[in-house]
Amino acid sequence: GLESWLRDGTVPQITACVVAKERGGAYGDRLAAIATSAIAHLPAPQTNDMNVEGEFHFTYRDVQYRGYKDLTYWEYGSRVLHDHKTTSSFKWAKTREQLRQDMQVNLYAQSEFQQLAVGEVKCHWHYTTTDKTPTTRPVHFTVYRDAVEKHCEAINVRAKRLLKLYQEKPD
């Protein structure tokens, strides 16, 4: 899909859309419309140091975290962390303020801070609706190392509680 377009500049594969259309029609058209709306908000293919669906893992105060970030790259000297979401309605899209408190944002940013000597990360969260006429709403904001560190402290407290419960294996 869009991953090969970003990595290599190859035309996106629409096989899944064609197969879905042959099986039921509208679903394939909807997938194509969602991709068309979202692609306009992605960086150019082969952008500097682009990592698509990149795995991360790090340890923060004795707790291990791992996951996959949709997209990271450098843009005008700044590190960009890009995530795309689909939603039935923009009423479910988070605001900049909500995202700055968000666990996913803070863990993703912390993984960048542990790898790179940067003090801030630009975050590009893009919400695309799944209705008949998909549209994409970008939410762009910046997070800073000190603020992310504070959020990760709180996340770590919860993570340690969960690990303790898992190790106790209650009935």
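Q: Is threonine 72 buried or exposed, and what relative accessibility does it have?

A: Burial is read from relative accessible area: buried means under 20%, exposed over 50%, and partly exposed in between, with a 1.4 Å probe and protein chains only. Threonine 72 has 3% relative accessibility and therefore counts as buried. This is a predicted model, in which local features need pLDDT of at least 70 and side-chain atom pairs count only at pLDDT 80 or more, while totals for chains, interfaces and linings use all residues. Residues are numbered from 1 along each chain as its sequence is written, and side-chain values use heavy atoms, with hydrogens and water left out.

Q: Where is threonine 72 found, and which residues does it touch?

A: Helices (H or I, at least four residues) and strands (E, at least two) are DSSP runs, numbered from the N terminus. Threonine 72 belongs to strand β2, residues 63-75. Contact means heavy atoms within 4.5 Å. Leaving aside residues up to four places away in sequence, threonine 72 touches Asp49, Met50, Asn51, Arg79, Val80, Leu81 and Glu112.

Q: Which side chain forms a polar contact with that of threonine 72?

A: A polar contact is a pair of N or O atoms within 3.5 Å; within protein, one must be able to donate a hydrogen and the other to accept it, and residues adjacent in sequence count only if both atoms are side-chain atoms. The partner here is arginine 79, whose side chain is joined to that of threonine 72 by a polar contact of 3.2 Å.

Q: What span should helix α5 have, and how far apart are its end C-alpha atoms?

A: The expected span of a helix is 1.5 Å times one less than its number of residues. Helix α5 (residues 103-115) has 13 residues and should therefore span 18 Å; its end C-alpha atoms are 19 Å apart, which agrees.

Q: Which residue caps the N-terminal end of α5?

A: Aspartate 102 is the cap, with a side-chain oxygen 3.0 Å from the backbone nitrogen of glutamine 104.

Q: How many disulfides does the structure hold?

A: A disulfide is a covalent bond between the sulfur atoms of two cysteines. With the criterion of a pair of cysteine sulfur atoms within 2.5 Å, the structure holds 0 disulfides. Cysteine 123 is buried at 0% relative accessible area, and cysteine 152 is buried at 2%.

Q: How many aromatic pairs are there?

A: A pair of aromatic rings is described by the distance of the centres and the angle of the planes. Rings of Phe, Tyr and Trp (its six-membered ring) pair if their centres lie within 6.5 Å; planes under 30 degrees apart count as stacked, over 60 as edge-to-face and the rest as tilted. The count is 5 aromatic pairs. The rings of phenylalanine 56 and tyrosine 108 have centres 5.4 Å apart and planes at 75 degrees, so this pair is edge-to-face. It links distant parts of the chain, 52 residues apart: phenylalanine 56 in strand β1 (residues 51-60) and tyrosine 108 in helix α5.
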